[in-house]
Amino acid sequence: MPLPDFTDDEQYLIKCVKSPNATGRSSSSMWSYLISGAVVAGFGAYHSSIPMMITAFVVVCGFRIYEERFQNKWLPHWRSIILKYEAAARGEDDSDHAGGN
């Protein structure tokens, strides 16, 4: 199977996934905002502070929205990578099925 012709962004994503450190960076980011949100919520509950609890909620929701937007940015590139690999596995020209990328 010949290797498909990938764009620079697609090559970047492939290299990131192949990196042994790829999952660690994502997990540490998630844990940092979850723990910080839990700490602020804990202080808010202990001190009966509604504003602190709202702040914790906004921190967790804000970072989750950021993650979702970041993932959606790369989704078309992932789709293109998969389509190119499928076309290469079938022995077809990847430009016919790359989805315009």
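Predicted model: local features only at pLDDT ≥ 70, side-chain atom pairs only at ≥ 80, totals over all residues.

Reader: Where do E67 and R64 lie relative to each other?

Author: Both are in helix α3, three residues apart, which is about one helical turn. Helices (DSSP runs of H or I, at least four residues) and strands (runs of E, at least two) are numbered from the N terminus.

Reader: Why is E67 called buried?

Author: Buried means under 20% relative accessible area, exposed means over 50%, and partly exposed lies in between (1.4 Å probe, protein chains only). E67 has 17% relative accessibility, so E67 counts as buried.

Reader: And what is R64, by its relative accessibility?

Author: R64 has 36%, so R64 counts as partly exposed.

Reader: Which other residue forms a salt bridge with R64?

Author: E68 does, with the closest N and O atoms 2.9 Å apart. R64 and E68 are four residues apart in helix α3, about one turn of the helix. At 34% relative accessibility, E68 counts as partly exposed. Shared partners join R64, E67 and E68 into one network of salt bridges.

Reader: How many salt bridges are there by this rule?

Author: Three. One of them pairs the side chains of K84 and E10, at 2.8 Å from N to O. K84 lies in helix α3 (residues 50–90) and E10 in helix α1 (residues 8–18), so this pair ties together parts that are 74 residues apart in sequence. Both K84 and E10 are buried.

Reader: Why are α1 and α3 called roughly perpendicular?

Author: Their axes come within 10 Å and cross at roughly 85°. Axes are lines fitted to C-alpha atoms, for helices over the stretch in contact, with angles from 0 to 180 degrees between N-to-C directions. Under 35 degrees is roughly parallel, over 145 roughly antiparallel, 65 to 115 roughly perpendicular, and the rest oblique. The two helices therefore count as roughly perpendicular.

Reader: Which residues make the contact?

Author: Contact means heavy atoms within 4.5 Å. From α1 come D9, E10, Y12, L13, I14 and V17, and from α3 come W74, H77, W78, S80, I81, K84 and Y85.

Reader: What does H77 touch?

Author: H77 touches D9, E10 and L13, not counting residues up to four places away in sequence. At 19% relative accessibility, H77 counts as buried.

Reader: What makes up the largest nonpolar core?

Author: A nonpolar core is a set of buried Ala, Val, Leu, Ile, Met, Phe, Trp, Tyr and Cys residues joined through side-chain atoms within 4.5 Å. The largest has five: F6, L13, I14, W74 and I81. Two or more of its residues come from each of α1 and α3.

Reader: How many helices and strands does the protein chain have?

Author: Three helices and zero strands. Buried residues make up 20% of its 101 residues.

Key
Residues numbered from 1 in each chain as written. Heavy atoms only, no water. Salt bridge = Lys/Arg side-chain N within 4 Å of Asp/Glu carboxyl O.
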